[in-house]
Amino acid sequence: MEHSKPSYYITTPIYYVNAKPHLGTAYCTVLADVQARFQRACGKDVKFLTGMDEHGEKVAEAAEKNGFDSPQAWCDSMEPAFRDLWETLEISNDDFIRTTQPRHIASVQKFLQALLDRGYIYKGSYDGWYCRPEETYFTETQVRHHEEDRVAAGESPADPAHPLCPDCDRPLERIEEESWFFKLSEFQQPLLDFYEAHPDFIQPETRKNEVISFVKGGLKDLSISRSTFDWGVPFPFDDKHVAYVWVDALINYLSAVGYGAEGDEAADSLAFRWPAQVHVVGKDIIRFHCVIWPALLMAAGLPLPERVFVHGFLTVRNEETGKAEKMSKSRGNAIAPEEVIDLLGVEAYRYYFMSDVAHGTDAPISWGRMRQVYNADLANSWGNLVSRTLNMSMKYFDGCSPVRPADLGGASPVRDACEGVFDRYAQAMEAMDYGTAASEVLAIVSAANHYIEDTAPWALAKDSEKAGELASVIWNLLEVIRIASDLYDPFMPKISAEVRRRLALDPEPSRDLRNACEWGGLVGGQPVEKGEPLFPRLVD
Ligand code: ME8
């Protein structure tokens, strides 16, 4: 099949269904959504995937604890919580995968068969440490190092029968069972070579260094099956075993683009969409995405994704210890997104988390900071610019926008501010450095607010000889608003559509953003609308 635009395939992690999504889960999903919207605006054929991770012991336990007959019934009951929240948050995903779907089961089985056929898995027995809440295996050495670090930091030694998990500090269990193993140990050098040849594979840079030093420390074969419970994808060649939930989950990225399916359409989809351009993940699952997943793909003979972008955590202060800790479902400290939506509304919610949480680092939840950013950037700057400008346009030009001047408004500080703004913004957006991208837009908005003060259109309006100058000033301001609304669109899609509607422009977002950001696009001479304030000021 012919594809007229290049593919951009972007994914979020598929979330566990053991509890409802929270602010942290939503953070990652909005992060990916902003990128998906930006790439669509740049003319890419985007596939944006999110979904639910439904297998594994944790989910089976949650089903039982909540009195459901089967894990499947529990997962089905959780689907609306995810889908509804994504809809509320204006997540523009094109697909929603569930690991219990037949397309995924077929895909996992095909992948396991490929690993067997290519000689990368074998049957053995596993005797080691397992963290049930994280569904992760740890080696003796990892466990010992963690215990040494804890004791050195002054903490009391853990029960030797249940040492603590290096990732989440909860007690580990000793597990002994027959298992299938993946020959991960054979991939140490191939992975190191790959990281070197693809310096942008893991971003940001600090995370890359972390992964490289982990891999240099040596890799052990990985247990990839469980036989003590059956809530998982059965091995196609050994039905006593189900796939380890993490191997099952990672393969979802392939299942959604046709890997397990037969026929021309599936083959075309796989060829067009794979490899993915980016997997967006939190730092808790970096090893799965940057070590195990690439090794599995190499073993299966498939190309590797172009990039894994690793973001930090939203944290909450633990009242007892005073320390910041990761917001998580299993720790019970999660904040529901609805609480923030009630305060800020959806558009400002998206803007706040995307613009204010520094690129790739942890961030504490601060209600005070949310109010501050809302009032400064949105109420006083962006909302105020739109409202003042439309008001003046209506008042001085009979409810219309002024017609585009032949000299495109002449030289002006706002035109200067918009010069090259797309390139600066796009570079930051590509790097998922949304704070920098948003500040580029805020810079043109602020320049426009200053320009109003400096040109004082209300004074020009009193002098009939200044009519041409007044028209240029207002047209310049509307032109900045037009450009800013396109640049803000990935962050605040509804507000941008509303601004374009008030300016009598097509409310649909641009599909050629570079061009749309060129100075001079606003034809003008159209009826405009002032409307309600976009961001009413928040008071304490
Ligand atoms: O790990 N701050 O699912 P999960 C920011 N099913 N992001 C957070 C966060 C926080 N406090 N808490 C969670 C799983 N996240 C697996 C994934 S993928 C093949 C399988 C986000 O429900 C963050 O992106 O525990 C993290 O990586 C993800 O949710 C983990 O979600």
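Author: Start with helix 14, residues 367-396. At 1.5 Å a residue, its 30 residues should span 44 Å, and its end C-alpha atoms are 40 Å apart, which agrees. The expected span is 1.5 Å times one less than the number of residues. Helices (H or I, at least four residues) and strands (E, at least two) are DSSP runs, numbered from the N terminus. This is a predicted model: local features need pLDDT of at least 70, side-chain atom pairs count only at pLDDT 80 or more, and totals for chains, interfaces and linings use all residues. Residues are numbered from 1 along each chain as its sequence is written.

Reader: Where does helix 14 bend?

Author: A bend at a residue is the angle between axes fitted to the seven residues ending there and the seven starting there. Helix 14 bends by about 40° at N384. Just after the helix, D398 has a positive phi of about 55°.

Reader: How many bridges join strand 4 to strand 6?

Author: Two strands pair if DSSP finds at least two bridges between them. Strand 4 (residues 121-131) and strand 6 (residues 173-182) run antiparallel, joined by ten bridges. Y126 has E177 of strand 6 as its bridge partner. Strand 6 also pairs with strand 8 (residues 222-223), antiparallel, over two bridges. There, F182 stands opposite L222.

Reader: Which residues are closest to the ligand?

Author: A residue is near a molecule if its C-beta atom, placed from the backbone, lies within 6 Å of it. Here 21 residues surround the ligand, and the closest are G24, C28, D53, G282 and M327. Strand 1 (7-16), helix 1 (23-41), helix 8 (245-250) and strand 12 (278-282) each give two or more residues to the shell.

Reader: How far apart do the C-alpha centres of domain 2 and domain 3 lie?

Author: Domain bounds come from an automatic or database domain assignment. The assignment gives domain 1 (7-115 + 245-344), domain 2 (119-226) and domain 3 (367-516). The centres of domain 2 and domain 3 lie 51 Å apart.
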